[in-house]
Amino acid sequence: IDDTERFYRRLVDIAPNWVIAYNQLGYINMSKGRFTEAEERFKSYRFIAPDQANPHDSLGELFFALGRNDEAEESFEKAIEIKPDFWGSYNHIALLKSFNDDIEGAREVLDRAHTAGIPDDWAAETECLVQYRGLQYTESWREILELAETSKCVEKPTINIMKLITHLAACEVGDWDTALEIERAGEEQLAEIESKGIEIGARQKEMMRASIEHLRGVRLALQGDYGEAEELLRAADERVSYIEAPYTIFKLHNRLVLAELLLADGRDAEAHGLLAKIRGVNPLWVAEFQDSGFKMLGLDR
């Protein structure tokens with residue numbers, strides 16, 4: 001147990017109604033893959049503060065990570081019922097739906113959020129996400145690249161989900177120059193942050209490194225360099241935990257790409273061992289991966 005977890009455990013012992021401690025312990029347990037304990041912590045938080053929106057939202061993120069989508073959506077909706085301007089839960093429902101191929105449902109949630117008065121800065125990135133996920137779902141690679149030329153969703157060097165999708169589109173059509181440009185922009189941004197001592201969270205910095213490794217791994221896999229691609233995808237996996245919905249999505253996606261690479265490389269036993277680990281977290285995503293013919297990138301076997 002690290003110092004942070006020890007502190008919050010002690011806080012729960014001496015102040016059992018200090019709700020923030022339960023919330024933080026829930027996320028700490030998620031990050032360590034202790035999902036049963038995370039659920040207990042979040043439910044304790046909900047029991048102590050049932051009239052607050054945040055415990056319902058936090059529990060929803062856990063259910064999302066575990067593929068318990070109906071429970072996740074119910075929990076997010078409860079947060080909105082309690083606090084109609086709890087914008088995070090609208091975004092979480094849209095994220096949930098867009099990554100479970102219900103693009104129309106995600107758009108409907110955004111419409112509801114706008115009706116409720118969601119500020120532009122809360123809605124902008126989620127609107128981008130839904131737009132790009134809709135195109136990815138239909139494998140509209142050329143359209144994604146055309147959109148990226150004018151879209152504000154990818155104008156910054158930051159590697160967000162839309163940038164990951166644009167990079168994938170470039171790789172799928174063999175536009176290696178665009179893929180490399182996205183990778184270099186991310187590397188340069190990280191180098192600038194480090195050289196100038198810009199203060200960002202350690203978790204955020206690790207996510208930036210992992211995103212760059214993932215991008216390079218995807219490109220090399222589609223170029224046929226399975227050895228280096230595997231090293232990069234494994235390095236990305238090591239950097240990111242199952243804490244919070246966006247990190248969970250990245251980790252699950254990266255692991256499934258790695259599983260496809262192992263299958264394409266003829267290492268079926270290793271691939272299925274990895275899939276068993278992923279299934280232990282989110283069986284739904286593994287079932288969908290199997291239904292797709294074990295395809296995330298479309299590598300030849």
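Predicted model: local features only at pLDDT ≥ 70, side-chain atom pairs only at ≥ 80, totals over all residues.
I started with two residues, Phe35 and Tyr242, and found both buried (under 20% relative accessible area counts as buried, over 50% as exposed, in between as partly exposed, with a 1.4 Å probe and protein chains only). Residues are numbered from 1 along each chain as its sequence is written, and side-chain values use heavy atoms, with hydrogens and water left out.

Next I looked up ring pairs, and the structure holds 6 of these aromatic pairs. Rings of Phe, Tyr and Trp (its six-membered ring) pair if their centres lie within 6.5 Å; planes under 30 degrees apart are stacked, over 60 edge-to-face, the rest tilted.

How do Phe35 and Tyr242 sit, and at which angle? Their ring centres are 5.8 Å apart with planes at 65 degrees, so I wrote down edge-to-face. Phe35 belongs to helix α3 (residues 35–48) and Tyr242 to the loop between α13 (226–239) and α14 (245–264), so the pair ties together parts 207 residues apart in sequence. Helices here are DSSP runs (H or I, at least four residues; strands are E, at least two), numbered from the N terminus.

Then I checked Phe99 and Trp285, which are stacked at 6.4 Å centre to centre, with 15 degrees between the planes. Phe99 is in the loop between α6 (87–98) and α7 (103–115), and Trp285 is in helix α16 (residues 283–291), 186 residues apart. I have Phe99 as buried at 12% relative accessibility, and Trp285 as buried at 9%.
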